[in-house]
Amino acid sequence: MKHTLEVMISEQEINQALDTMAEQINRDYAGVDSLLVVGLLKGSVIVMSDLVRRLDGNVQMDFMTASSYGSSTESSGDVKIVMDLAQSIKGRHVLLVEDIIDTGRTLSKVLALLNSREPASLAIASFLDKPTRRVVDVDVKYTGVAIPDEFVVGYGLDYAESYRQLPYIAKVVPSDGE
Ligand code: PRP
Ligand code: MN
Ligand code: MG
């Protein structure tokens, strides 16, 4: 599809939202001796690196891959664990980081799986939230920016695997010719 990109959330706005998220997280985990931050690949990789650099205390990182969209733009609902964590989370304080929550299918599936492993606590931080798209109810404790139902890319989010590297979030606008 021929398209253009329109900036929706600037780098500066992203940084402000991250500062607010990190302040809340630092306050909530101030008494905890270690926090395991888990990123869902690939979308979370950018926000993960920006967020952990704002966190205090003993922070550890791990990653897992749970993919549902594939090359389509619509969630299939069939969420697959493609790559699991490298370690046990039993008794750990875990913060799950996502780039976006849309239908909620990915996070609800991953949340159920991680909860079954008996962490000391488990909370979710998602940079973007499309609340009007929710199909499954998920408790997201830390949110950066709520957005309307637009197709967005950048800051980890892709369109057919492209544009993840953009330092801002942009709306994909179809243009003439196709
Ligand atoms: C995207 C996004 C979230 C999920 C949100 O991931 O990064 O993980 O979809 O959608 P949902 O709330 O409807 O489940 P995707 O499956 O496209 O993989 P990616 O992170 O590798 O882009
Ligand atoms: Mn993802
Ligand atoms: Mg994707």
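Two strands are counted as paired here if DSSP finds at least two bridges between them. An open sheet of 3 strands runs in the order E1-E9-E8, and its pairing is antiparallel. Strand E1, residues 3–9, and strand E8, residues 152–153, are the edge strands, each of them pairing on one side only. The pairing of E1 with strand E9, which covers residues 169–174, is antiparallel and extends over 6 bridges, and within this part of the sheet His3 lies opposite Pro174 of E9.

The average pLDDT of the protein chain is 94, with 94% of the residues scoring at least 70, while the model as a whole scores ipTM 0.98 and pTM 0.94. Where pLDDT is low, the predicted coordinates should not be read in detail.

Strand E2, residues 35–41, pairs with strand E3, residues 59–67, in the parallel sense over 7 bridges, and Leu35 has Val59 in E3 as its bridge partner. Together with helix H2, residues 45–52, the strands E2 and E3 make a β-α-β unit that is right-handed.

From E5 the parallel pairing continues to E6 over 8 bridges, with Ala125 in E6 as the bridge partner of Val97. Between these two strands the chain passes from E5 through H3 to E6, and this β-α-β crossover is right-handed.

In soluble globular proteins, nonpolar side chains tend to be buried together. The largest nonpolar core in this model has 35 residues, and those with the most contacts inside it are Val37, Val38, Val47, Leu95, Leu96, Val97 and Ala125. Two or more residues each are given to this core by helix H1 (11–28), E2, H2, strand E5 (93–101), helix H3 (105–115), strand E6 (121–129), E8 and E9, and the largest share, 6 residues, comes from E5. That strand is mostly covered, since 8 of the 9 residues in E5 are buried. Ala125 shows how separate parts of the chain meet: leaving aside its neighbours within four places in sequence, Ala125 is in contact with Met21, Ile25, Leu51, Leu95, Val97, Lys141 and Tyr142.

Seen as a whole, the C-alpha trace of the protein chain spans about 55 × 35 × 25 Å along its principal axes. The radius of gyration of the protein chain is 16 Å, which agrees with the value near 16 Å that a compact globule of 178 residues would have. Of the 178 residues in the protein chain, 28% are buried. Among the contacts in the protein chain with a separation of 6 or more, 67% are between residues 24 or more positions apart.

Terms used:
Residues numbered from 1 in each chain as written. Chains lettered and ligands numbered in written order. Predicted model: local features only at pLDDT ≥ 70, side-chain atom pairs only at ≥ 80, totals over all residues. Helix = DSSP H or I, 4+ residues; strand = E, 2+ residues; numbered from the N terminus. Right-handed = clockwise from strand over helix to strand, strands pointing away. pLDDT = per-residue confidence, 0-100. Core = buried A, V, L, I, M, F, W, Y, C linked by C-beta atoms within 7 Å. Buried ≥ 20, exposed ≤ 12 C-beta atoms within 10 Å, placed from the backbone. Contact = placed C-beta atoms within 7 Å. Rg over C-alpha atoms; globule rule 2.2 N^0.38 Å.
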